[in-house]
Amino acid sequence: MNTDRATPPDDRHYTLPALAARVAALRASGGRLVLTNGCFDLLHVGHVRYLQAARRLGDFLVVGVNADASVRALKGPTRPLVPAAERAEVVAALGCVDAVVIFDAATAEPLVSALRPEVYVKGADYTEATLPEARLVRAYGGTVALLPTVPGASTTALLERAASHQAAGRDEGE
């Protein structure tokens, strides 16, 4: 079984075509779509606060979760630690998240093109100049929001801390 493609048992998980139809219905009722994306490998407090803040910017929060191959391309051959279907399931379980879609592309441009969110959100560790999606969002009149990050809260920091603890345990005679 390819765990990168497995569908989590959650009604918030969508394929892109099904999500586009859901978004059309949302817009027909006057709703405001917020889209963000990321790897979400080892979900941490920075992710949770970021997603909660993103949700407050609209009526419906869609989270694009990078497929395993794109995480490897972005983060290196040892990542992701958690398969895409499981990462999507964990993200979808958060109360602030309305829908999750796994995507294969190197950037979220296909998601932005298909969904045309009123607000596209990324962390403030990015700039509009470094976001290829920003150009698309601005072209159709959408807004790009860069939200603050939580200092020290990252998957990389968690991995470094775990490695440090493991090394310390070995140094103490393990």
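Colleague: Where in the chain is the place of V62?

Modeller: What stands above is a predicted model, in which local features need pLDDT of at least 70 and side-chain atom pairs count only at pLDDT 80 or more, while totals for chains, interfaces and linings use all residues. Residues are numbered from 1 along each chain as its sequence is written, and side-chain values use heavy atoms, with hydrogens and water left out. Helices (H or I, at least four residues) and strands (E, at least two) are DSSP runs numbered from the N terminus, and the place of V62 is in strand β2 (residues 60–66).

Colleague: Is V62 buried or exposed?

Modeller: A residue is called buried under 20% relative accessible area, exposed over 50% and partly exposed in between, using a 1.4 Å probe and protein chains only. The C-alpha atom of V62 is separated by 9.0 Å from that of P117, which is 55 residues apart along the chain. With a relative accessible area of 0%, V62 is buried.

Colleague: How many helices and strands are there in the chain?

Modeller: Read along the sequence, the elements follow the pattern α-β-α-β-α-α-β-α-β-α-β-α. The chain has 174 residues, of which buried residues make up 44%. Its elements are seven helices and five strands.

Colleague: Seen down the axis of α2, within what arc do its buried residues fall?

Modeller: An α-helix has 3.6 residues a turn, so residues three or four places apart point the same way. In helix α2 (residues 45–55), the buried residues are G46, H47, Y50, L51, A53 and A54. These line one face of the helix, because the arc, taken from the directions from the helix axis to the C-beta atoms, is one of 160 degrees.

Colleague: What does the count of disulfides come to?

Modeller: A disulfide is a covalent bond between the sulfur atoms of two cysteines, and here it is counted as a pair of cysteine sulfur atoms within 2.5 Å. C39 is buried at a relative accessible area of 11%, and C96 is likewise buried at 13%. By the sulfur rule, the count of disulfides comes to zero.

Colleague: How many residues apart in sequence are the parts that D41 and R79 tie together?

Modeller: A salt bridge is a side-chain nitrogen of Lys or Arg within 4 Å of a carboxyl oxygen of Asp or Glu, and the structure holds six of them. In one of these, the side chains of D41 and R79 meet at 2.9 Å, N to O. D41 lies in the loop between β1 (33–38) and α2, and R79 in the loop between α3 (68–75) and α4 (84–92), so the distance in sequence between the parts is 38 residues.

Colleague: In which helix does R55, the partner of D98, lie?

Modeller: D98 and R55 form a salt bridge whose closest N and O atoms are 2.8 Å apart. The pair ties together parts 43 residues apart in sequence, because D98 lies in the loop between α4 and β3 (99–103), whereas R55 lies in helix α2.

Colleague: Is R135 buried or exposed?

Modeller: The side chain of R135 meets that of E109 in a salt bridge of 3.0 Å, N to O. This pair links distant parts of the chain, E109 being in helix α5 (residues 109–115) and R135 in helix α6 (residues 132–139). E109 is partly exposed at 22% relative accessibility, whereas R135, at 54%, is exposed.

Colleague: In which loop is L42, which has a positive phi, found?

Modeller: L42 is not a glycine, yet its phi is about 60 degrees. At 29% relative accessibility, L42 counts as partly exposed. This residue is found in the loop between β1 and α2.

Colleague: Is G95 buried or exposed?

Modeller: The place of G95 is in the loop between α4 and β3. Its C-alpha atom is separated by 8.6 Å from that of Q52, 43 residues apart along the chain. With a relative accessible area of 70%, G95 is exposed.
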